[in-house]
Structures are given as C-alpha cells and as structure tokens.
Amino acid sequence: MLTDLENAMDSLITVYHKYSLVKGNAHALYKDDLKNLLQIEGPRYLKIKDADTWFKELDINSDNAINFQEFLILVIKMGVIAHHDIHKE
C-alpha cells in the first residue's frame, strides 16, 4: 500500500504524462502542452503569470521543452503559492 506522499508523486507523474504524451514524447512538455496543463490543472496560477512566462521561466536548458525535472520546479512554485494561500485564510 502506498503512502500519501507516494500517491501524490504518482499523481504528479500521471499529470505530466497526460500532457507530455499528447505529442508522443513522455519526456517533454511543449509550450502548448504546458498552456493546456495550466488551463486545466492549475488555472489560478495563470492569474499570476501567463503560460509563456511560465514556460520561459521553467525551460532551464533552453531546449523549447519542459522535461520532468523542470516540471518539478513548477510543482514546487505552485506548492509554495498554495501553502502561502492556505495560511492567509
């Protein structure tokens, strides 16, 4: 039986692949893939930055794709924002 954290990690991987596999590459989210992911999975984060800004910020190696490690940077940033918002209420 998986722990809550292990289930959360599996969910993150599933979400990443849901959008990366649209073009058949399990290791890359392209600009339009990231935009779709943000619109569907995290619309509140598009109120902070538009999809193009997120993409430029996350594409650390400048290969015009977001790999899983770069995606985890997005997850961390979203987590920090969500944690902050929870404590504001």
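**Around leucine 74**

Mentor: Let's start with leucine 74, which touches Leu34, Leu37, Leu38, Trp54 and Leu58, leaving aside residues up to four places away in sequence; contact here means heavy atoms within 4.5 Å. Before going on, a word on the ground rules: this is a predicted model, local features need pLDDT of at least 70, side-chain atom pairs count only at pLDDT 80 or more, and totals for chains, interfaces and linings use all residues. Residues are numbered from 1 along each chain as its sequence is written, and side-chain values use heavy atoms, with hydrogens and water left out.

Now the core. Leu74 is among the residues that touch the most other members of the largest nonpolar core, along with Leu29, Leu34, Leu37, Leu38, Ile66 and Phe71, and that core has 15 residues. A nonpolar core is a set of buried Ala, Val, Leu, Ile, Met, Phe, Trp, Tyr and Cys residues joined through side-chain atoms within 4.5 Å, and buried means under 20% relative accessible area, with exposed over 50% and partly exposed in between (1.4 Å probe, protein chains only). H1, H2, H3 and helix H4 (68–88) each give two or more residues to this core, and H3 gives the most, with 4 residues. Helices are DSSP runs (H or I, at least four residues), numbered from the N terminus.

Next, the H2 and H3 pair. Helix H2 (residues 31–41) and helix H3 (residues 51–58) pack at about 120 degrees, with axes 9 Å apart. Axes are lines fitted to C-alpha atoms, for helices over the stretch in contact, and angles run from 0 to 180 degrees between N-to-C directions. H2 and H3 are therefore oblique to each other: under 35 degrees counts as roughly parallel, over 145 as roughly antiparallel, 65 to 115 as roughly perpendicular, and the rest as oblique. On the H2 side, the contact is made by Lys31, Leu34, Lys35 and Leu38, and on the H3 side by Ala51, Asp52, Trp54, Phe55 and Leu58.

H1 also packs on H2: their axes come within 9 Å and cross at roughly 130 degrees, which makes H1 oblique to H2. Val15, Lys18 and Tyr19 of H1 meet Asp33, Asn36, Leu37, Ile40 and Glu41 of H2.

Finally, look at leucine 12 in helix H1 (residues 4–20). Leucine 12 counts as partly exposed because its relative accessibility is 23%. Leucine 12 touches Phe68, Phe71 and Val75, again not counting residues up to four places away in sequence.
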